[in-house]
Every structure is written in structure tokens, then in C-alpha cells.
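Let's take a walk through a structure together, one piece at a time.

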Amino acid sequence: MIFQTPILALLLVSLLASLVAVWSGWFGLRVLARWNLASGSRAQLQMERLTELVSTLFRFVMLAELVALLLFVFNADRMASLFVGAMCAVGTLNVNPYGFPALYAKIAVFFAAAVWLMLDRADRMGRDFPLTRVKYVALVGIAPLVLLSAGLELTYFLNLRTDVITSCCSKLFTPVNPNLAAELSGLSPGAALWLLGGSGAAVVLAGAGALIRRRGAQGFALAGAVLFGVAIAAIISVVSSYIYEHPNHHCPFCILKPEYGYYGYALYGPLFAGTALALSAGVLQGFARVPSLTGVLPALIRRQIWLSLGAFALFGVAVIWAIVRSQLILFG
Amino acid sequence: MTPFLRRQRALADYTLAALARRRGKNLALVVIFSVIVFVVASAMLFSAALQREADLVLAEAPELIVQQLVLGRQDLIAETEIAKLTAIRGVTAAKGRLWGYFYDRISGANYTVMVPDDPAMMPEPGTVAVGEGIPRARGFTFAQAPLFLSRWPGELQKFAVARTFDSDSALVSSDLVLMAESDFRRFFEVPPGVYTDIAVSIRNPREIATIVEKATRAMPAARFVTRDDIARTYQKLFSWREGLLVALAGAAILAFAIFAAEKASGLSAEEAREIGVLKAIGWDSSDVIAMKLWEGALIAIGAFLIGTVAAYLHVFGTGAALFAPVLKGWSVIYPDFRLAPQIDGMQLTALFLITVVPYVAATLVPIWRAASADPDQIMR
């Protein structure tokens with residue numbers, strides 16, 4: 001079961017990511033204990049050089065993890081025909097209890113890595129590496145997450161058994177079932193669209209406020225995170241139905257299939273990018289007053305807010321286009 | 001152009017020139033890397049194409065096949081069972097099928113002998129329609145040559161060849177002999193009223209499981225094979241074979257990664273001097289790392305493209321001449337077929353991850369080591 005090329009590729013990436021996480025986590029602990037920029041000792045110089053390696057390795061691994069996240073979902077969808085009862089990624093992920101946790105862990109790693117890479121970027125902008133400690137505290141936190149994600153993925157793939165009868169997305173995303181997915185699909189389409197519009201407006205207001213007042217990006221990050229949750233709920237509750245042109249099909253994975261023109265990627269791509277940028281803008285705002293960064297960091301934050309707003313706008317356009325071109329009429 | 005893009009363009013420009021200065025060494029690296037990508041890509045493309053052929057063939061297969069079991073082996077099934085199946089709600093039709101294998105001692109090959117379902121395909125009694133592999137195996141020298149089949153020494157039956165299937169359908173028809181029902185029963189001595197198995201068509205695929213359940217109660221001794229079962233088995237088989245080849249290639253990838261790490265860490269005197277000069281004129285460690293990453297990326301992407309294109313030509317141009325025996329199995333009259341070219345994003349992504357990522361990972365530490373050393377230390 002594990003002998004499939006995409007699975008081997010995914011495990012390879014996880015293995016490399018884990019090795020890098022373990023090593024850089026250990027190095028992070030050393031930095032936290034002994035980092036002293038004022039010292040000219042050999043150990044400090046060695047550490048300063050190693051930070052360059054850690055950044056490079058981490059950037060590389062996180063890029064690979066991003067590609068792996070896409071491949072993971074795509075592969076789950078492709079493998080559906082191997083399992084009795086599965087019709088899309090939902091069925092494949094449901095074959096054993098580790099599938100969905102593995103996906104969630106991968107998404108968490110994606111957001112954590114995005115924020116960390118931005119911290120790294122900001123840190124290099126200051127001549128005295130002002131964020132080094134913060135960066136390594138974060139890294140020590142991310143390392144276990146990477147390991148957890150790799151462990152879940154490995155357990156999931158090792159326990160894939162084709163004789164298990166799994167359930168299809170039409171079973172999981174049905175309002176009559178007592179679970180979260182069902183709650184989300186049971187959300188009334190009107191309420192979901194109002195919520196989506198409302199949180200979209202909140203994001204625009206918070207973004208405009210942060211751009212004009214040159215502070216308050218934390219509020220923007222919060223609004224972005226809320227929009228992310230609401231958007232996922234809205235995709236399940238109403239947007240996917242428009243894409244399927246079917247009022248009772250709510251699956252958030254089938255929209256990634258070729259039958260629907262890979263439309264899901266147009267929704268999830270900008271949504272994930274916008275949220276990651278919003279989160280890192282919020283985190284960086286906390287360091288805008290660090291002396292060596294006052295000249296450069298605000299500009300970076302403003303650029304991230306603009307890019308994030310742009311990504312959310314693309315997501316909005318994709319949602320509106322899905323509704324406009326659909327033959328399904330839910331209202332009126 | 002933003003400063004970021006300008007910087008990257010300048011780095012790429014510099015790196016290309018630097019690569020060209022050490023043409024021999026880099027060319028060797030690209031060639032070896034391309035060969036590895038080629039092996040992995042060929043295995044992936046070929047097994048995906050075979051799987052697609054199998055899916056296309058199976059799309060025409062009946063939803064459900066019912067076989068009689070005796071002593072755990074398949075046996076002939078009585079005509080009376082058909083009525084039990086058609087009585088189940090949801091079954092559109094159930095038809096007895098007559099087919100079997102015939103071992104031809106002259107060519108040493110097994111033929112599949114069948115009575116066609118479709119009346120339009122039914123040959124006249126005394127004639128047969130054959131797949132393209134049979135004239136090939138028998139070495140027919142002229143177009144109208146009759147087919148002689150001998151069941152035991154001293155016995156010979158003559159059939160006129162009414163038509164030969166072309167190689168478009170070779171995957172399924174290569175070893176096929178189509179016969180009229182009367183000829184078939186006489187040739188194999190099959191009594192009337194029994195069939196090899198029963199093909200059941202079902203209109204709604206969601207009802208298959210329920211229909212199988214009901215049919216099992218009506219015919220407890222029978223075995224039910226659904227089309228999805230067959231498709232699933234094929235998919236498992238092909239992806240397992242592909243995975244096995246890729247895992248074997250893993251050893252080669254590992255060896256290559258070690259080779260690449262070795263190459264990247266053993267800087268030639270000239271390269272070391274170059275890095276020393278760059279650092280002395282004000283390049284940062286991160287600039288040198290970026291330059292070296294560009295070097296790795298150019299080599300990796302070049303090799304990836306060369307290897308993938310070569311694999312594409314190998315699989316779809318030559319029918320995967322190098323790997324075919326492993327991946328498709330072997331038989332005396334193997335169908336002579338062309339695979340329909342196709343390639344998708346997932347294959348390319350998996351291929352990229354499995355070949356390029358180990359290479360980059362192996363070279364990162366040596367790159368950093370070279371870039372972070374002091375200029376005077378390197379040049380000394």
C-alpha cells in the first residue's frame with residue numbers, strides 16, 4: 001500500500017523536514033541559552049554562521065512542505081478509486097482515523113512556517129539581528145509540530161487498507177449527521193453568505209485602518225483568521241453547491257477534481273495565501289518599534305497587508321464568479 | 001522590475017556564466033542526474049498509461065460477473081441461474097457467456113476463445129475472427145490463410161479467418177479467437193444449457209452492492225466479481241509495480257545525492273578562489289548561498305526537463321522498450337500496442353519531489369560551508 005510514488009515522495013519530504021526540524025530545534029535551544037551578539041567568542045561566531053544554514057534549510061524544507069500539502073490532497077483524491085465507498089479525497093482520508101488529523105497538521109505547519117519565514121526575513125533586515133531570540137523560540141515551537149505532522153502522515157499511510165469500507169463525502173457532509181462537517185453543511189446558505197460578506201468587509205476595514213494609521217495590523221490578522229474560518233464554512237455550506245450546481249452536495253474536496261475544472265484551487269490558493277500574509281503582518285507588527293527595524297519593517301508590513309488584501313480580493317472574485325456562472329438558484 | 005527580481009536576474013546571469021566556465025564537471029552532473037530522472041519518470045509514465053488503458057477496457061466490461069464455484073474452482077454455470085438473476089430488481093440484463101482458453105501446441109501460446117455477445121460480431125459457423133497476435137504467432141504468410149486448431153495429436157479442425165482485428169484494440173484482442181456458438185460447443189465439447197459465466201448489467205452503479213447481496217442469497221455457491229473489484233485490483237497491481245521500481249531507483253537517487261554532496265563539498269582550487277574573491281569584493285554569505293542555490297537549481301531543472309522529456313519519448317515513442325518486461329508482464333503473444341500519450345500535474349509534482357528534493361538537500365550543507373568560510377581562509 002505504501003509503495004506508491006506520490007506516497008514515497010510525501011514520506012521523503014516529511015523525513016527531510018523532520019531531520020531539519022530536530023536539528024534546528026536543538027540548535028534553537030543552544031541559541032536561546034547562549035546567544036550574545038556583543039560577544040566575539042568563537043562559539044558565538046560559529047552560531048552566527050549556523051543561523052544562515054538554519055534559515056536556508058528551513059526555507060527549503062518549508063517550500064517542499066507547501067508542495068507536499070498540495071500533493072497530499074491531490075493524491076488522496078486520486079487514490080479514492082482504491083477504496084470501497086470512497087469517491088473523492090474525503091473517503092481516502094476517512095479510511096483510518098489518522099487521515100484528517102494528518103491533513104490538519106500539514107495545514108498548521110504551512111501557516112506556522114509562513115509566519116516563521118516572514119520573521120526570518122524581518123530579522124535579516126536589521127543589522128543587529130534583533131529578532132533572533134524570537135525566531136528561535138518560534139522554531140523550538142514549530143519543530144514538534146513538524147514531527148507530529150510527519151508521524152501522523154506515516155501512521156496514516158501505513159494503516160491504509162483497501163479492504164476497509166469507507167464513507168463518501170455525501171455521507172459526511174450531510175446536515176442530518178451529528179458532527180462538525182454536518183453542522184457546517186447545515187448552515188443556511190443565506191446566513192453563510194452574509195457571514196462571508198461581513199467578515200470580508202471587516203478584513204477590508206481592518207486592512208484600510210492598519211494602512212492609514214500605520215498600526216493595528218494585529219486586528220487585521222485577527223480579521224483574516226476569522227475570514228479563513230468563515231470562508232471554509234461558506235465553501236462547505238453554499239459555494240461548493242454553486243460549483244456542483246446541486247443543492248445537496250457540500251463536499252469541500254470534490255471541487256478540486258478535474259470534473260469541476262480544478263475550481264477549488266482558485267478558491268483555496270488565494271485564501272491560504274491571504275491568511276498566511278495577514279497572520280505574518282500581525283505578528284511582525286509587534287516588532288515594528290524595535291530600533292534597528294523602525295526604518296524598514298513598517299514598509300514590509302504595509303506590503304504584506306496590500307498583498308493579503310489582494311489575495312482575499314481574488315478569493316472574493318472566485319466566489320462571486322462561482323455564484324454568477326452557476327445554473328443553480330438558491331435564492332428567489 | 002523590483003530590486004528582488006533584479007538581484008535574482010543578476011545572480012542567474014552570473015551563475016550561468018560560472019557554470020559555462022566549468023562545463024565538463026557540470027555536464028557530467030547533469031547527465032547522471034538526467035539518467036536518474038529518466039528511470040523514475042519512465043516507470044511512472046508507463047504504469048500510469050497502462051492503468052489508463054486498463055480503465056478504458058474495463059469501462060466496456062459488464063458491471064457484475066457471476067461464476068459457479070465447485071471445489072473452490074470456477075465451473076460451468078447452468079442456464080437456469082440466469083432467471084434467478086434477472087428476477088432481482090435493478091438488473092437490466094443477464095447473459096450467459098461462453099469463453100475459454102486454448103493452448104496452441106504449434107506456437108506455444110494460449111488463445112482466448114470466445115463467443116461474442118454482440119450479434120454483429122458473430123462469425124458464420126466454420127469461420128473465426130482473430131486478433132492481430134495470432135497470425136503473428138502462427139507466421140501466416142498470406143492474407144486468406146485458414147486457421148488450423150489441433151486439440152490433440154492427430155486431430156485438426158479448420159476455420160476460415162473471416163476478419164483480423166487491427167492493433168487499435170490489441171490490448172484486449174491480440175490473442176482473441178471469436179467463434180460461432182455451435183462451433184464453440186462442438187470444439188470444446190460443452191453441452192448445451194451451460195455457460196462459462198454470466199454477465200449482469202446493472203443500470204445504477206449505486207445498487208451494485210445491494211444486488212450482489214440479494215444474488216448471494218439466491219445463489220450461495222456462486223462467486224460475484226464486480227467491475228470495480230477488477231479495476232481496483234489492476235490499479236493496485238500497476239501502482240505497486242511502479243512503486244517497486246521507484247523504490248529500487250531510490251538506491252540510485254541516494255547514491256546520486258551522496259555523489260552530489262561530495263562534488264559540492266570538494267571545491268576545486270579555482271572555485272574556492274572565486275568564492276574568496278566574491279567575498280573579498282563585498283558579497284555576503286547569503287549572496288554566495290543564493291548564487292550556489294541558483295547553480296543547483298539550474299542543474300536540477302535542466303536535468304529534470306531532459307530526463308522527463310527523454311522518458312516521455314521512451315514510453316510513448318518506443319513503448320518503454322527498456323522497462324516493458326517488468327511492468328507489463330510477459331507472454332508468448334504479447335499484444336503489440338501503442339500507449340496513448342498523457343501526463344498530469346500530480347505525476348510531475350511527485351517526480352519533482354522524489355528526484356530534485358534529495359539533490360538540493362544533499363548540496364545545502366556543503367554550499368553553506370563553502371559560503372560561510374572566511375575569504376582569506378579559502379584563498380590560502
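Start with chain B: of its 380 residues, 31% count as buried. Buried here has a plain cut-off: 20 or more other C-beta atoms lie within 10 Å of the residue's own, while 12 or fewer makes a residue exposed and anything in between partly exposed, with C-beta atoms placed from the backbone. Before going on, keep in mind that this is a predicted model, in which local features need pLDDT of at least 70 and side-chain atom pairs count only at pLDDT 80 or more, while totals for chains, interfaces and linings use all residues. Residues are numbered from 1 along each chain as its sequence is written, and chains are lettered from A and ligands numbered from 1 in the order in which they are written.

So what is chain B built from? It has 13 helices and 13 strands. Both are DSSP runs numbered from the N terminus: helices are H or I with at least four residues, strands are E with at least two. The C-alpha trace of chain B spans about 95 × 55 × 40 Å along its principal axes. Its radius of gyration is 31 Å, whereas a compact globule of 380 residues would have one near 21 Å. That radius is taken over C-alpha atoms, and the globule rule is 2.2 Å times the number of residues to the power 0.38. Now for contacts, which exist when the C-beta atoms of two residues, placed from the backbone, lie within 7 Å. Among the contacts in chain B with a separation of 6 or more, 84% are between residues 24 or more positions apart.

Phe256(B) sits in helix H8 of chain B. Is Phe256(B) buried or exposed? It counts as buried, because it has 22 C-beta neighbours inside 10 Å. Leaving aside neighbours within four places in sequence, Phe256(B) is in contact with Ile32(B), Phe33(B) and Ile36(B). Take Ile32(B): it is 224 residues from Phe256(B) in sequence, yet 7.9 Å away in space, C-alpha to C-alpha.

Glu79(B) lies in the loop between strand S3 (77-78) and helix H3 (80-86) of chain B. With 12 C-beta neighbours inside 10 Å, Glu79(B) counts as exposed. Not counting residues up to four places away in sequence, Glu79(B) touches Gly96(B), Gly193(B), Val194(B) and Tyr195(B). Asp197(B) is 118 residues from Glu79(B) in sequence and 9.5 Å from it in space, C-alpha to C-alpha.

Next, see where the two chains meet. Here 27 residues of chain B are in contact with 26 residues of chain A. On the chain B side, the elements giving two or more residues are helix H8 (227-265), helix H10 (285-318) and helix H12 (345-372). Which helix gives the largest share of that side? H12(B) does, with twelve residues. By class, this side of chain B has 17 nonpolar, seven polar and three charged residues. Nonpolar covers Ala, Val, Leu, Ile, Met, Phe, Trp, Tyr, Cys and Pro, charged covers Asp, Glu, Lys and Arg, and the others, Gly among them, are polar.

The C-alpha trace of chain A spans about 70 × 50 × 30 Å along its principal axes. Of the 332 residues of chain A, 47% count as buried.

Finally, follow helix H9 (residues 217-244) of chain A. The axes of H9(A) and helix H11 (residues 297-325) of chain A come within 11 Å and cross at roughly 15 degrees. That makes the two helices roughly parallel, a label for angles under 35 degrees, with over 145 roughly antiparallel, 65 to 115 roughly perpendicular and the rest oblique. Axes are lines fitted to C-alpha atoms, for helices over the stretch in contact, and angles run from 0 to 180 degrees between N-to-C directions. The contact of H9(A) with H11(A) has 14 nonpolar, two polar and no charged residues. H9(A) also meets helix H10 (residues 263-285) of chain A: their axes come within 7 Å and cross at roughly 165 degrees. That makes H9(A) roughly antiparallel to H10(A).
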